[in-house]
Amino acid sequence: MSCSEPRPQYNTLEDYPVYPYADLGVTYTATSTTFKLWSPAAQEARLRLYDTDVRDVAPHTTQKMQEVDGAWTTTVDGDQDGTYYTFEIKQNGRWLGEATDPYATAAGTNGWRGQVVNLLDTDPTGWEDDRRPAFGTPTDAVIYELHVRDLSIDPNSGIRHKGKFLGLTERGTVTPNGDTTGLDHLIDMGVTHVHLLPSFDYWSVDEARLDSAQYNWGYDPQNYNVPEGSYSTDPANGKARIREFKIMVKALHDAGIRVVMDVVYNHTGRTENSNFQLLIPDYFYRFNEDGTFSNASGCGNEIASDRPMVRKYIRESLEYWVDEYHVDGFRFDLMGIHDIATMNDVAETLHGIDSTILLYGEGWAAGPSPLPDSLRALKVNTPKLRRVAAFSDDVRDALKGSVFNHEERGFVSGATDRAESVRFGIVGATRHPQLAYDSINYSSGPWAPEPSQCVNYVSCHDNHTLWDRLAISNPRDSRATRERMHRLALATVLTSQGIPFLHAGTEMLRSKGGNENSYNSPDAVNAIKWETKGQHATTVAYVRDLIALRKAHPAFRLGSAERIVQHLSFDKSVEDGQFISYRIQDAPADQWSDIYVVLNGKNASRELILPEGTWQQVVDGSEVNAQGIGEPLSGSLRLAPISANIFVRTAAAEPSR
């Protein structure tokens, strides 16, 4: 509508019109800048302009906005590059207070004001030539979940830009003992994707006092389209955040590693005074019948992803990170809050840009939601999602015990009733004729149509680290015994048929001193302690070599449920609650025509009778060697306690059939 027409009145939030264009926020040119805000609830709207991001300084300009074609709009002449701005609306005769533009792509200190920037100035040298590293199908991924600050903040990291995006760009960094750290360590490990915990602008760290001790995981979103200021060298400078994030992405790409962003569109860090609530009251949130904010996130609110303009916002935000920052994938926090239609809309859009973009999330919520379960992207609804994967809490807790019962043991730590759930993880939560689905810990049937929709893991930033959890559940076991448990868990994840996911530092037995929820704990708890790399060299090498083994052998990533059924079979005749045995035979494109995997979860050696023929062991409880461990084997042998074992044959080594 034009500014001369009377404003329509809307009876419900559902009546709000969808703004059809992709130009909300700021459109910058060197001669003028146009500002647009979508807010059907507003009676009036105004723009405030500032020369500084200091909060107690008054605006130098306040400009009335006009509603044109469904958006509150105003244009400011001249080159506004570097100018800070806010919006404010009037509702029911009252101005609600200034807020940052939800569509802002740059911001000043603490994100309290958006900033106009010429994005062309933020591209680092060679950015136009940046390309995503080559990548095939989702099950080819090996994901490494990392908090930006954790990687570099340790005094022994050898990294100069500690706690910063730039800390992920430095090469040649080592500990005082000469062990590689940082980016070089990631390259050595062979991971394909670095999953960064929230790196958009979040509000819990005060960017104005970064010389003081502060820490947060970042699951309290403030500005979704702006990089986090505390990870930049100059939080007041919107261009610095952007440029340094891009430098980080390019450094990882140059190293052959893709970048996944952990995104938190399910809730906002603030509620009543969030940017959304101040500028588009109530529209972006779900509410209970009594009018209170619904809280499936456990953080005070939940986003109404099913509303058209919220869905559009999420989609456009993700597109922006892909287009402007060359991001290669997204992990959706509490994905079970989002509606299925939104997730499929996002997937269709992003895969239309690049079919190799990786999408996965948590198929659960932290509490009840007004949106019916049947409409939400819960794990059980994964078959309704198109090329979006969900985390398998089934295999996670089967391996180490429930995250809600700290003393409970899992397959690797002494449980005798978790083997079937581990087998479920081995086949990537797909349908397999040999599985007894009534014996799976959390699922009554297969929930992943294909293994590419199942993310297998045993630990992540949430809950205890794997090492700390084993110390709690198995306090009487020796350190050496718990190291064997740790390696068995990681070997299971890295040889199973889903997408493997590793918590940063797990390869060096990462500990947080028993802290279960370290979201705001100090660096002394959260930092990756690089001196432990040398102390646990056996496990570091074991994980590195398992990753290389997986990447070299398609048998461990067959890629389809049909192929898994065709090529992978369990030997139920020798299995029990602490012993899993299966073969992968004639896997397409694999030089090993017969692979025999045996997982011994019992803290005792066990006799194994190998299938007919001569076999070469390539994995045992402490070593991985694709060329072979020891001499060729046949007949019987004894397996080490608590160990993963893999035996292989090539076609030339097989007896005639």
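**A closed barrel, its helices and an antiparallel sheet**

Strand β18 (residues 454-456) and strand β19 (residues 499-503) pair in the parallel sense over 2 bridges, where helices (H or I, at least four residues) and strands (E, at least two) are DSSP runs, numbered from the N terminus, and two strands pair if DSSP finds at least two bridges between them. Within this pair, Asn456 stands opposite Pro500 in β19. The model is a predicted one, in which local features need pLDDT of at least 70, side-chain atom pairs count only at pLDDT 80 or more, and totals for chains, interfaces and linings use all residues. Residues are numbered from 1 along each chain as its sequence is written, and side-chain values use heavy atoms, with hydrogens and water left out.

Strands β18 and β19 belong to a barrel that 8 strands close in the order β10-β11-β14-β15-β16-β17-β18-β19, with parallel pairing. On average, neighbouring strands of this sheet are turned by 30° against each other, direction ignored. Axes here are lines fitted to C-alpha atoms, for helices over the stretch in contact, and angles run from 0 to 180 degrees between N-to-C directions. Helix α10 (residues 479-495) lies across β18 and β19 and runs at about 145° to β19.

The loop between α10 and β19 contains Ser496. This serine counts as buried at 2% relative accessibility; buried means under 20% relative accessible area, exposed over 50%, and partly exposed in between (1.4 Å probe, protein chains only). What surrounds Ser496 in the fold? Not counting residues up to four places away in sequence, Ser496 touches Gly425, Ile426, Asn456, Arg550 and Phe556, contact meaning heavy atoms within 4.5 Å. The C-alpha atoms of Ser496 and Arg557 are separated by 7.5 Å, although the two residues are 61 residues apart along the chain. The side chain of Ser496 also reaches back to the backbone oxygen of Thr492 at 2.6 Å. A polar contact is a pair of N or O atoms within 3.5 Å; within protein, one must be able to donate a hydrogen and the other to accept it, and residues adjacent in sequence count only if both atoms are side-chain atoms.

Helix α7 (residues 393-400) is mostly covered, with 8 of its 8 residues buried. Just after α7, Gly401 takes a positive phi of about 100°.

Helix α2 (residues 182-189) has 6 of its 8 residues buried, so this helix is largely enclosed by the rest of the structure. The buried residues are Gly182, Leu183, Asp184, His185, Leu186 and Met189. They pack against β10 (143-146), α1 (148-152), β11 (193-196), α3, α12 (531-535) and α13 (537-552). After α2, too, a glycine follows: Gly190 takes a positive phi of about 90°.

Helix α3 leads on to a helix pair. Two packed helices are described by the angle between their axes and the distance between the axes. The axes of α3 (residues 238-254) and α5 (residues 308-325) come within 10 Å and cross at roughly 75°. That makes α3 roughly perpendicular to α5, since angles under 35 degrees count as roughly parallel, over 145 as roughly antiparallel, 65 to 115 as roughly perpendicular and the rest as oblique. At the contact, Ile242, Phe245, Lys246 and Val249 in α3 meet Trp321, Glu324 and Tyr325 in α5. By class, this contact has 5 nonpolar, no polar and 2 charged residues; Ala, Val, Leu, Ile, Met, Phe, Trp, Tyr, Cys and Pro count as nonpolar, Asp, Glu, Lys and Arg as charged, and the others, Gly among them, as polar.

Ser297 sits in the loop between α4 (275-279) and α5 and is buried, with a relative accessible area of 4%. Its side chain reaches the backbone oxygen of Asn301 at 2.5 Å, and a polar atom of that side chain lies 3.0 Å from the backbone nitrogen of Cys299. Leaving aside neighbours within four places in sequence, Ser297 is in contact with Asn266, His267, Leu334, Ile337 and Ala366.

Strand β26 (residues 643-650) is joined to β22 (residues 592-600) by 8 bridges and to β24 (residues 616-619) by 3 bridges, and the strands run antiparallel in each pair. Val598 stands opposite Asn645 in β26, while Val619 stands opposite Ile646. Because 7 of the 8 residues of β26 are buried, this strand is largely enclosed by the rest of the structure.
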